[in-house]
Number of protein chains: 2
Amino acid sequence: MKICCSRQELIKSVNIALRAVPVRTTMPILECILIDARQGDIHFISNDMELGIDTVVNGVTEEPGTIAVNAKMFSEIVRKLPDNMVTIISDENFNVTILCEKTRFALAGQSGEEFAYLPEVERDERIEISQYTLREIISDTIFSISQNENNRLMTGELFEIGGDRLRVISLDGHRISIRRITLKEFYSDAKVVVPGKTLSEIMKIMTGETDDMAGIYITPGHIVFEIPGTTVISRLIEGTYFAVDQMISSDYETKVVVNRQILLSCIDRATLFVKENDKKPVILDFQEKDLKLSIDSPLGSMKEDIYIDKEGRDLMIGFNPRFLMDALKAIDEENVTLYMTNAKSPCFIRDEALSYTYLILPVNFTR
Amino acid sequence: MKICCSRQELIKSVNIALRAVPVRTTMPILECILIDARQGDIHFISNDMELGIDTVVNGVTEEPGTIAVNAKMFSEIVRKLPDNMVTIISDENFNVTILCEKTRFALAGQSGEEFAYLPEVERDERIEISQYTLREIISDTIFSISQNENNRLMTGELFEIGGDRLRVISLDGHRISIRRITLKEFYSDAKVVVPGKTLSEIMKIMTGETDDMAGIYITPGHIVFEIPGTTVISRLIEGTYFAVDQMISSDYETKVVVNRQILLSCIDRATLFVKENDKKPVILDFQEKDLKLSIDSPLGSMKEDIYIDKEGRDLMIGFNPRFLMDALKAIDEENVTLYMTNAKSPCFIRDEALSYTYLILPVNFTR
């Protein structure tokens, strides 16, 4: 095999392919990027057996062929090369030579035959969505997936398509995050759970521009994301997702409108006294025109008054400050509305159109 | 005690004082910053028993007094406050209240009586130097102090004053770094070894502007650095420093002029194959108009040709690539000159005026 590409193109494509290279694995071949130049085009392919990426590299194939190279080493070499055209050559013994200006790197590759190629997946209906929107709805919900593998379904996000509506839902047992958008067309109904790892890698690959489109294909076992030049194939998490709609209520006794940034900064200050894994709640005391926010800990205490617009009953309620902050950070509006019933029932933060809904369970506290 | 300062001033002064707060200590009082407002001025004082800092805070003392507050907690609170005026109050039970807008923090302080105040040091002769120059000469040499405490003298840098000359020297057994500057006046001769920790903190406190001056006072046991608003007092390392001048020779068999940046990038690429603590040398083969630089390792190999201007014999010599890179990074010139004798003798990188001298011992290698 002999290919020739610019260093810039190599860096761009290696960065994409690296997203599906596992950090730790018992199969050394999975630590490789496959350079596949059998058909004229140059592809970089990576696969951690759950997530697979195939990205096209702009360049010239002088001799077709394939070679697998250690991804980390290859990426470091490419990064440190002079900024010029790079030639990559492999011979029948899988020796790889990388040439750029007067620099010559030699390293051992592995046969492309040993590589775990991506599964062939049938692509019927293409769901069209802008990369910007896809990235937003993932980043606005992914913080509330569970990091704990005990319940696999909680480590992913529900993608639910009904007509021209897409809902993305995550939950971790303490809170639920929901984003809802309207698609440009109507599609077949579908409900699949996509691994959180896949979604966080997809976010990093996408440009985030409104004009750049992405395509989504859903099959019984896989989801495919098509971004110009790059295809990402991921296994789905099997099982029936939680009946989230039953957990959501529109009743409330107290409705509060508050400036999002002021509330966020105030909770951020309060968390100074909260150590990691410490369950110290922040206490929100909603009175007539005032929210009195306070936290007490052996290290010290903090109190602050915030102006609010309130309807309904006064209420004192405690929360894990991080859960409130995560939701407030995900919302992109000046003011937010909190709906609460009592100190034992969940708080809902949502807009009128239900484009976002954040449910947060309160915590017990003693005064 | 009651003082009032802007948050910006507090942040600036806390950042300076934090530099002498030890990360780990058996004496909790050392983890504190002392707020000293007994005399009208507000001082933040910190002391890790080797290094002490006293910095003046712009603000108003409403009630004189002192209080010691946990440095880390205090710094985090100040950082998270709204950007406005801050009032700090302490009572007779050492309770500290920090007020800013509608935020009120409460935490427990400690008596100022328990604090280890800075030693009184006699300040006779003030050596005047620009902060820019002081920072440069430290940063251009500090990388070759030893991290190993076995030989205390190697963990510091020699400050040697003779007439209007200041030399700063560091060495770690494999290399020596020397910077020499001319001062504006003549001063008494002095030779003291300043702890590396002190110097790296001093670098971070200084502005690095040419017009901002610093004063240095040397006493038998201490060195004092005076920067406007801040005084840093450090113990010196006791003992007689190495006879560095005996290790330096001006004889050579091979003299090479090479572009600094090209050589640096090339060695940087070669280090891809060098893992931490791996003693793999980079081999420099100086031929007529060419330096052939190469490295071999079980992971792969790299070769590169670099154009040089050479006088004297051809030579093949091996080096720890990091030592070469450290010296090349510290030099601020387009071309550097290397002086070598043979593959067993040190290489010198120096300018004509001897404003810098870097000695690097070669490493054995097998071909």
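**Note on the interface of chains A and B**

1. Lys80(B) and Asp268(A) form a salt bridge, with their closest N and O atoms 2.8 Å apart. The term means a side-chain nitrogen of Lys or Arg within 4 Å of a carboxyl oxygen of Asp or Glu. By that rule, 2 salt bridges cross the interface of chain A and chain B.

2. A word on the source. This is a predicted model, in which local features need pLDDT of at least 70 and side-chain atom pairs count only at pLDDT 80 or more, while totals for chains, interfaces and linings use all residues. Residues are numbered from 1 along each chain as its sequence is written, chains are lettered from A and ligands numbered from 1 in the order in which they are written, and side-chain values use heavy atoms, with hydrogens and water left out.

3. The contact (heavy atoms within 4.5 Å) draws 28 residues from chain A and 28 residues from chain B. About 2,400 Å² is buried between the two chains, and carbon and sulfur atoms give 57% of that area. Buried area here is the accessible area (1.4 Å probe) that two parts lose on being put together, summed over both.

4. Between chain A and chain B, 12 residue pairs are in polar contact, both residues at pLDDT 80 or more. A polar contact is a pair of N or O atoms within 3.5 Å; within protein, one must be able to donate a hydrogen and the other to accept it, and residues adjacent in sequence count only if both atoms are side-chain atoms. On the side of chain A that touches chain B, the elements giving two or more residues are α2 (71–80), β9 (103–108), α5 (260–270) and β19 (300–307) of chain A. β19(A) gives the most, with 7 residues. Helices (H or I, at least four residues) and strands (E, at least two) are DSSP runs, numbered from the N terminus.

5. Glu101(A) deserves a look. Its phi is near 50°, a positive value in a residue other than glycine. Most residues other than glycine have a negative phi. Glu101(A) sits in the loop between β8 (95–100) and β9 of chain A. Glu101(A) counts as exposed because its relative accessibility is 55%; exposed means over 50% relative accessible area, buried under 20%, partly exposed in between (1.4 Å probe, protein chains only).

6. Leu354(B) also has a positive phi, near 60°. Leu354(B) lies in the loop between β23 (347–350) and β24 (356–360) of chain B. At 35% relative accessible area, Leu354(B) is partly exposed.
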